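Welcome, and please open your viewer. We will take the tour one selection at a time.

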Amino acid sequence: MTSKSGIHEKNLEKIFYPDSVAIIGANKVRGTVPHDILDNILKADFNGIVFPVSPKEKFIAGIKAYKYVLDIEDPVDLAILVFPASVCHMALEQCGQKGIKSAIIISAGFKEVGGEGVERENQIKAIADKYGLSFIGPNCLGVINTDPQSRINASFARKMPEEGSIAFLSQSGALCTAVLDYAQAKHIGFSKFISFGNKADISEIDLLYYLKDDPKTKVILMYLEEVSNGNALMKAARDVIAGSGKPILILKSGRTSEGASAAASHTGSLAGSDEICAAAFRQAGIIRCSDIEEMFNIAIAFAYQPPPNTNNIAIITNAGGPGVLATDAAIHDGLKLATFADKTTAILKKNLPRTANINNPVDVIGDARADRYNIALSAAFDDPAVEAVFVILTPQSMTEIDLIAREVAKVSSHYDKPVYASFMGEADVQEGIEVLQRNKIPHYPLPEDMCKAVATVYKFHQEKHDAGDNIASFDDVRIDNARAILEHAAAQNEPFLTEDTALKVFAAYGLPVMESYLATNQEEAVQFAEKSSYPVVMKVMSQDIIHKYDLGGVALDLKSATEVEAAYNTMMNNIRTRQPDANIKGVLVRKMIPKGQEVILGVKRDPSFNSVLMFGLGGIFVEVFRDVSFRIAPVSEREACAMIDETKSSALLKGARGQAIRDIPAVVEAIQRLSQLACDCPQIKELDINPLIVLEEGRGCFVADAKIMINHTVKSS
Amino acid sequence: MDQKEVQERVIKVVAKVLKMDSTAIAPEANFIFDLGADSMQSLELVAGFEEEFGIEMDEDKALSVQTVADAVDFIKGYL
């Protein structure tokens, strides 16, 4: 949400449902944006008044044109600016003076071109703020509302889409026209169609909140090129999904690993922008799609049919091979083939040929006509164990493609259960596909795509979607202590905290650390080892040494004073030889943590999502196995558990192959405490706890090694 | 050439290119916003000024000039 969100909420209604529209910069030249927008509005049979505004035309398309918007005597709800970018500010200023509160700025030549364009964009934003005006764009295709109450095509797309229940938002205008063409061919309709361009004023966040309450929209699709405020997007998505139950499907481009390469920690190098984005979307309940086709495959399953209450499906096919393919795909995607009731198999046995398969998947045999599909469909729908019916067809010489499609539509209309179809092929099955599409039966060229789409719908409805408010806050944390340490390090320009100091930060947040001491000479090392009790660990502490293992700066499992003395001398010799200029702060001495399962916990800052948490299999091979999961902080207990469950190594914690079951609740708590630390202390740039050693059930876990990289440019709020 | 003469000749060119009555063209008029020049006419205006005054202007800078008064000042820099 932004400071203008309340204003946008009010003004957005008039963008989609204006009583009057001024097209500012309209002209008579066919094939130009200013002309075609006016033409589209007139052709779409807009339910309101249109005012062309043109500096030199008296009439356009038989409608009186005005030199300035201020010349229009009647009130204007919506202004559509199609002037060149260089004069948009003048037009918008007049809109403000006229009292217009809603605008769409189609014109390009703003932030996207850099330099002067950035200034122009700032200028129009300032004008909008001055007048409490909200605008979509600039640099966009426009907006379409198919609701008969408005029927406005305020875009320069080639066509007005059919009315439907899918809303589509896009940062790319050009993609919008491709999507409109794609959708028209498949008879997919839209409730709202919005190209939001540079999102200089109204953003995708504002539009999500608007669509949450839009009664015409059941499913929200979005194409995004950049996530400018990831946390706001996550909050909006959660609010929309929890508040309205509407699914949000996002196609996000820009799957690059930029930003990961320069990282100084394991977490930093593993948490690429795409992985973070994927984790954030999943956390917020957003369904991420990899391409347009997948997006619409899932969208029509949501939009056209009720969701299946269970994952028990029936498959009806006239082809054995595709039936098996569909079965494999269904099982792979988490669906189940329902076990038919005796009554169902009896009906099928009585009415289908002997060669037919009367169990699930039902094979009505290649020569099946519409009557056999009718019998199988009715029997499947009537079976209480069946929650959804998948119809597969391949075109044989006697296959009544068109009639079978009609039969699917007719029979399914008598039931509340969902039905989906895959008429395989292309040319011969086209007529049947058209029948299915016109009757809002989701159709998929391949059964595998059908299974994936339906499984996605099923999972979405099974998941618990909350507004993300169930975050535990530990009140035993000492926030001031942690911040003081971090701020001191930042003031001293230290790039990272040595482990002895990092452990103090963790201790302040209740993360499990063993008591440790910093010895500055051999005698102190022995003294602290005795205090800790053997066996002990010793590690060299220096701001100049980031990889202390590589330099021989770590000694493990020291069982006596003699071993401690020897290790101390060896360590000092190693450092003096391998990095003679290193300024040694001392040697950390602490009790050796018992053997356990090693995991890694980490934090990374992301420009879009801020605090990113990582969990995974720990140790030195973390980058090799990449068995890690991510979440955006803060995380709830449920999310912390899910982070662990998502990794393959969770099996090791749960006692795979006879190993001891580990203290998973202690790890869950550690993740939540780390989440709180990451949110409270922006001075942490990156952080690794590697390893966190997880002991057997009830014995806890302990930080065995840690690194905190400092961000010098931020202060606590 | 004085300011008045340059302005009269600029307005003459503008009226010819945009097919307008010269009396309807105010010095502060914006070529696009007030007079309705499109991108092609903006190029024609630059060519018209060059021909009228026998000068050769930097095209990018000339196209960024937005009003009659600014055009007068810009052209005077070449005279």
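**Before you start.** This is a predicted model, in which local features need pLDDT of at least 70 and side-chain atom pairs count only at pLDDT 80 or more, while totals for chains, interfaces and linings use all residues. Residues are numbered from 1 along each chain as its sequence is written, and chains are lettered from A, ligands numbered from 1, in the order in which they are written.

**Stop 1: the domains of chain A.** Colour domain 1 (5-253), domain 2 (306-462), domain 3 (515-592) and domain 4 (597-710) of chain A; these bounds come from an automatic or database domain assignment. The centres of domain 1 and domain 2 of chain A, taken over C-alpha atoms, are 41 Å apart.

**Stop 2: a four-stranded sheet.** Now select the strands of an open, antiparallel sheet in chain A, ordered β21-β24-β22-β23. Strands are DSSP runs (E, at least two residues), as are helices (H or I, at least four), numbered from the N terminus. Two strands pair if DSSP finds at least two bridges between them. Which strands are at the edges? They are β21 (516-519) and β23 (554-558) of chain A, each pairing on one side only.

Follow the pairings across:
- β21(A) and β24(A) are joined by four bridges, and A:L518 has A:L588 as its bridge partner in β24(A).
- β22(A) and β24(A) are joined by seven bridges.
- β22 (residues 536-542) and β23 of chain A share three bridges.

Next, click on A:M538: opposite this residue are A:V589 in β24(A) and A:A555 in β23(A).

**Stop 3: two helices across the sheet.** Show helix α19 (residues 522-532) of chain A, which lies across β21, β22, β23 and β24 (584-591) of chain A, at about 25 degrees to β24(A). Angles run from 0 to 180 degrees between N-to-C directions of axes fitted to C-alpha atoms, for helices over the stretch in contact. Two residues are in contact if their C-beta atoms, placed from the backbone, lie within 7 Å.

**Stop 4: over to chain B.** Select helix α4 (residues 68-76) of chain B and find its buried residues B:V68, B:A71, B:V72 and B:I75 (buried: 20 or more other C-beta atoms within 10 Å of its own). Among the elements covering these buried residues are α1 (3-17) and α2 (39-53) of chain B.

Notes:
Buried ≥ 20, exposed ≤ 12 C-beta atoms within 10 Å, placed from the backbone.
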